Amino acid sequence: MKKAILAGALGIAVLSGGYLPGLEVSKASAATTALDTQEVTKYYSLSSYEVTQKESFSLKKGEELTIFVNNSGFPISYTVFGADNQVIGTYPANSPYGRVFQAEKDGNFSVQFQAGANSSYMKKMNFTAKFSISKR
């Protein structure tokens, strides 16, 4: 029964263009303003109080990292670490807009997601995050 449900869910996700657990979708595009953007979308599924590993992005001075989280109201937040691995800030992941971080020097920016307490009937909190790096 579980295999049939999973197969049905996978079929729906593939047909609807949805993302599957562990699936990473990457695309690169060049805009007409000579702005080069690389995008990666990742799918997450967290239990209450679970923390992800850090997602690391190599940025050069002046490049921008945009983070947009598609979250269905779950108590998820994320922390952004700068090139020197210092915390830039922690933000709620239920915002209708993305956040942009500009690198002040070359280095790796990291993002880590944290789940709060989930009191709903769902045991897992599913969400996607799109990361874009804009190169000028």
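How many cavities of 30 Å³ or more does the structure hold? I will come to that after a word on the model, which is predicted, so that local features need pLDDT of at least 70 and side-chain atom pairs count only at pLDDT 80 or more, while totals for chains, interfaces and linings use all residues. Residues are numbered from 1 along each chain as its sequence is written, and side-chain values use heavy atoms, with hydrogens and water left out.

The protein chain has 1 helix and 9 strands, where helices (H or I, at least four residues) and strands (E, at least two) are DSSP runs numbered from the N terminus. Read from that end, the order is α-β-β-β-β-β-β-β-β-β. Of the chain's 136 residues, 35% count as buried, meaning under 20% relative accessible area with a 1.4 Å probe. Among contacts (heavy atoms within 4.5 Å) between residues at least 6 apart in sequence, 71% join residues at least 24 apart.

Now to the question: the structure holds 1 cavity of 30 Å³ or more, a cavity being a set of points on a 1 Å grid over the protein atoms alone where a 1.4 Å probe fits but cannot get out. About 40 Å³ of space lies in the largest cavity, and its lining, residues with an atom within 4 Å of a point, consists of I67, F68, V69, Y78, P92, A93, S95, Y97 and G98. Strand 4, residues 64–71, gives the largest share of that lining, with 3 residues. By type, the lining divides into 7 nonpolar, 2 polar and no charged residues, with Gly counted as polar and Tyr and Pro as nonpolar.

How values were computed
Buried < 20%, exposed > 50% of the residue type's maximum accessible area, 1.4 Å probe, protein only. 1 Å grid on protein atoms, 1.4 Å probe; cavity = no way out; pocket = protein on both sides within 12 Å on 5 of 7 lines; lining within 4 Å. Points joined across faces, edges and corners; volume = space filled by probe spheres on them.
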